[in-house]
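User: Please take me through the labels assigned to this model, and tell me in each case which criterion stands behind the label.

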Amino acid sequence: MERSLPHDAPAHPGTFDRLVAEGAAVPTEGWDFSWFEGRATEARPSWGYARSMAGRLAGATAVLDVQTGGGEVLDFALEAAGPHRAPLVAATEGWAPNVAQATRLLRPRGVPVVASADDAPLPFADGAFDLVVSRHPVEPHWDEVARVLMPGGTYFAQHVGPASVFELIEYFLGPLPEDSRRHRDPERERADAEAAGLEVVELRAERLRMEFLDIGAVVHFLRKVVWMVPGFTVEAYRDRLRDLHERIEADGPFVAHSSRHLFDVRKPDATSGPDARP
């Protein structure tokens with residue numbers, strides 16, 4: 001859903017039941033958000049992660065995309081990099097439907113997709129890659145990133161930040177504890193990266209406006225991004241959905257804010273650490 005659409009676009013017409021049925025019927029595999037066009041918007045981070053990734057792919061020799069989802073972002077970046085792309089590219093993914101989808105998408109580009117649980121050690125040798133990328137990992141596993149990077153290698157990733165889309169989450173769940181709001185804090189992640197022996201070259205963070213133009217978009221979003229409202233079903237939240245539908249019909253789009261941060265991280269090489277020989 002990372003695209004900016006006119007904020008005055010009209011809400012998709014239709015009744016509550018039909019809109020909910022539409023949102024409930026759309027397949028949720030992968031990270032293609034094109035279905036939301038005309039029904040929801042999300043401003044893009046200023047750094048343009050996918051295109052920036054393409055530039056990094058053009059300068060690398062061996063690349064790993066961690067938690068690739070359906071492979072859509074990596075596929076875009078490889079296309080944009082063209083013949084200058086790294087000769088060796090691999091990806092991991094932990095959710096079985098996405099493994100299948102990413103394999104179909106990336107196999108023609110010569111990219112193997114390895115099924116690997118999000119919290120498992122990365123299934124690669126120490127120092128195997130000079131570039132590790134990831135867009136919206138569930139959790140950054142800094143020790144594993146540091147292990148598979150060769151000295152001088154780079155981790156270039158866009159993470160979800162703290163309190164992302166909390167306006168929508170708390171509409172359904174009620175106020176959340178302060179610890180939940182601080183989860184994914186970029187400065188905490190910086191400290192964890194440094195504790196793993198990595199050097200944070202750049203860290204940028206932005207909050208971005210989102211708009212849900214109809215209740216069908218809300219339903220599909222919560223089905224697709226399952227950790228937002230755990231256990232979400234239309235049946236369990238029908239009354240809240242109906243109230244939100246009426247609010248959107250009366251007042252216009254429901255506004256929330258996503259939170260994103262960009263990490264450019266380097267693994268020190270053998271000549272730059274405190275124990276390096278003169």
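Analyst: Helices (H or I, at least four residues) and strands (E, at least two) are DSSP runs, numbered from the N terminus. By that numbering, Gln 67 is placed in the loop between strand 2 and helix 3. The model is predicted, with local features requiring pLDDT of at least 70 and side-chain atom pairs counted only at pLDDT 80 or more, whereas totals for chains, interfaces and linings use all residues. Residues are numbered from 1 along each chain as its sequence is written, and side-chain values use heavy atoms, leaving out hydrogens and water.

User: What makes Gly 174, Thr 92 and Glu 249 fall into their accessibility classes?

Analyst: Gly 174, found in the loop between helix 6 (166-173) and helix 7 (178-182), has 18% relative accessibility and therefore counts as buried. Thr 92, placed in strand 3 (residues 88-93), has 3% and for that reason counts as buried. Glu 249, whose place is in helix 10 (residues 238-251), has 47% and so counts as partly exposed.

User: What makes helix 3 roughly parallel to helix 4?

Analyst: Axes are lines fitted to C-alpha atoms, for helices over the stretch in contact, and angles run from 0 to 180 degrees between N-to-C directions. The axes of helix 3 (residues 72-81) and helix 4 (residues 96-106) cross at roughly 15° and come within 9 Å. That angle makes helix 3 roughly parallel to helix 4, given that angles under 35 degrees count as roughly parallel, over 145 as roughly antiparallel, 65 to 115 as roughly perpendicular and the rest as oblique.

User: Which residues form this contact, and of which classes are they?

Analyst: Glu 72, Leu 74, Asp 75 and Leu 78 of helix 3 meet Gln 101, Leu 105 and Leu 106 of helix 4. These residues divide into 4 nonpolar, 1 polar and 2 charged, where Ala, Val, Leu, Ile, Met, Phe, Trp, Tyr, Cys and Pro count as nonpolar, Asp, Glu, Lys and Arg as charged, and the others, Gly among them, as polar.

User: How do you know which strands stand at the edges of the sheet?

Analyst: Two strands pair if DSSP finds at least two bridges between them. The open sheet has 8 strands in the order 1-7-8-6-5-2-3-4, with mixed pairing. Strand 1 (40-42) and strand 4 (113-115) each have a single partner strand, so one side of each lacks a neighbour in the sheet and they stand at the edges.

User: What makes the pairing mixed, and which strands are mostly covered?

Analyst: Strand 1 and strand 7 (residues 199-212) pair in the antiparallel sense over 3 bridges, with Ala 40 opposite Phe 212. Strand 5 (residues 129-135) and strand 6, by contrast, pair in the parallel sense over 6 bridges; Phe 129 stands opposite Leu 149, and Arg 135 has Gln 158 as its bridge partner. Strand 2 (residues 62-65) also runs parallel to strand 5, joined by 3 bridges, and Leu 64 stands opposite Val 132. Both strand 5, with 7 of its 7 residues buried, and strand 6, with 9 of its 12 residues buried, are mostly covered.

Definitions and conventions
Contact = heavy atoms within 4.5 Å. Buried < 20%, exposed > 50% of the residue type's maximum accessible area, 1.4 Å probe, protein only.
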